[in-house]
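Please look over the structure shown below before reading on.

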Amino acid sequence: MPVNADFQGRTYPPTKPYGVSAAKIREFADAVGSTDPVHVDAEVARARGYADVIAPPTFAVLIAQQCDRQLITDPEAGIDFSRVVHGEEKFVHHRPLTAGDSIVGTLHVDGVREAGGHAMVTTRSELATATGEPVCTATSTLVIRGGE
Amino acid sequence: MTEARTTGRVPVCAEVTVGEKLPAKTIHVDRARLVQYAGASLDRNRIHWDERFAKSVGLPDVIAHGMFTMGSAVTVVSDWAGDAGRIVEYGVRFTKPVVVSYEEGADIEVSALVKAVDTEERRATVELTAKSGGQKVLGKALAVVQLD
């Protein structure tokens with residue numbers, strides 16, 4: 001199997017804080033075509049009860065990706081990055097990511113299994129503020145294609 | 001107040017019915033769009049913008065980021081929800097790549113319908129369908145919306 005099965009159940013230390021900026025939210029919203037003014041207009045966001053502009057639902061991938069990178073680049077995990085394909089992604093938002101947030105991510109390796117000659121790794125990134133308020137749970141399934 | 005494209009008017013739970021169709025949308029993708037998303041998301045994998053590289057690793061052509069498809073498709077739900085911050089859960093499976101040719105780019109046809117309504121929590125589960133080139137590019141695509 002191209003992935004070290006002992007990694008199942010492993011947890012990595014929290015990442016360095018990621019500062020969520022209004023500029024990055026705007027850039028990301030533009031790129032996915034999310035025209036809701038709540039991403040760019042702080043007045044609109046506040047009128048809807050948010051502290052500042054909020055990120056589109058998939059913005060959290062920016063931070064989750066940083067978490068996943070710890071596993072992918074861990075030499076002991078044995079993952080060949082050139083064979084990695086994104087299989088599944090899911091976000092559970094405890095509240096929207098908001099400009100001004102400082103977010104740390106903790107990576108958990110929930111599953112390592114084999115299916116059809118490929119390895120499937122399921123990771124869970126728990127994103128929270130520096131003070132521990134949960135913000136988002138991002139779950140990814142990475143498929144590592146088997147060699148011929 | 002400035003005039004907003006999205007009013008922030010969130011559907012009232014009692015008025016949402018199972019089987020209700022959300023307004024569908026066709027999203028056009030070209031290479032420029034993928035470069036824009038690569039920059040915004042920091043996913044600079046060459047398979048998403050370098051045709052020669054994509055073909056050298058066995059792909060038919062440049063393919064869209066799965067996360068671009070996921071992030072742009074959900075705008076159908078956020079437009080309906082009136083507020084992107086109301087999407088409390090969103091998950092997909094990446095079933096087929098969106099192949100983006102130099103000349104024509106690609107179209108992603110997105111439709112969605114209400115699969116379930118939880119009156120206690122005032123939440124609707126919406127199932128999305130995303131097709132490109134006649135094939136389903138997302139599977140198990142479900143978003144949960146916090147209603148009023």
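## A serine in a strand

In this predicted model, B:Ser111 is found in strand β3 of chain B, which covers residues 106–118; helices (H or I, at least four residues) and strands (E, at least two) are runs assigned by DSSP and numbered from the N terminus. B:Ser111 counts as partly exposed because its relative accessibility is 32%, where buried means under 20% relative accessible area, exposed means over 50%, and partly exposed lies in between, using a 1.4 Å probe and protein chains only.

Which residues is B:Ser111 in contact with, once neighbours within four places in sequence are left aside? They are B:Ala24, B:Glu127, B:Leu128 and B:Thr129, a contact being heavy atoms within 4.5 Å. For B:Leu128, which is 17 residues away from B:Ser111 along the chain, the separation of the two C-alpha atoms is 5.8 Å.

## An arginine in a loop

B:Arg86 belongs to the loop that joins α4 (75–81) to β2 (87–94) in chain B. B:Arg86 is classed as buried because its relative accessible area is 18%.

Not counting residues up to four places away in sequence, B:Arg86 touches A:Tyr50 of chain A, and in chain B it touches B:Val10, B:Ala81, B:Val144, B:Val145, B:Gln146, B:Leu147 and B:Asp148. For one of these, B:Leu147, the backbone oxygen is reached by the side chain of B:Arg86 at 3.4 Å.

## Helix α1 of chain B and its cover

Helix α1 of chain B runs over residues 31–41, and its buried residues are B:Arg31, B:Arg33, B:Leu34, B:Tyr37, B:Ala38, B:Ala40 and B:Ser41. As background, an α-helix has 3.6 residues a turn, so residues three or four places apart point the same way.

What covers the buried residues of α1(B)? The cover includes elements from both chains: α1 (22–32) and α3 (61–72) of chain A, along with β1 (21–29), α2 (51–56) and α3 (66–73) of chain B. Just after α1(B) comes B:Leu42, which takes a positive phi of about 65 degrees.

Chain B contains four helices and six strands, and its elements follow the order β-α-α-α-α-β-β-β-β-β from the N terminus on. Its C-alpha trace spans about 55 × 35 × 25 Å along the principal axes, and 49% of its 148 residues count as buried. Among the contacts in chain B with a separation of 6 or more, residues 24 or more positions apart account for 67%.

Chain A has three helices and five strands, ordered β-α-α-α-β-β-β-β from the N terminus on. Taken along the principal axes, the C-alpha atoms of chain A fill a box of roughly 55 × 30 × 20 Å, and of its 148 residues 53% count as buried. In chain A, 69% of the contacts between residues at least 6 apart in sequence join residues at least 24 apart.

## How to read the numbers

Residues are numbered from 1 along each chain as its sequence is written, while chains are lettered from A and ligands numbered from 1 in the order in which they are written. In this predicted model local features need pLDDT of at least 70, side-chain atom pairs count only at pLDDT 80 or more, and totals for chains, interfaces and linings use all residues, while side-chain values use heavy atoms, with hydrogens and water left out.

Key: Polar contact = N/O pair within 3.5 Å; in protein donor to acceptor, adjacent residues only side chain to side chain.
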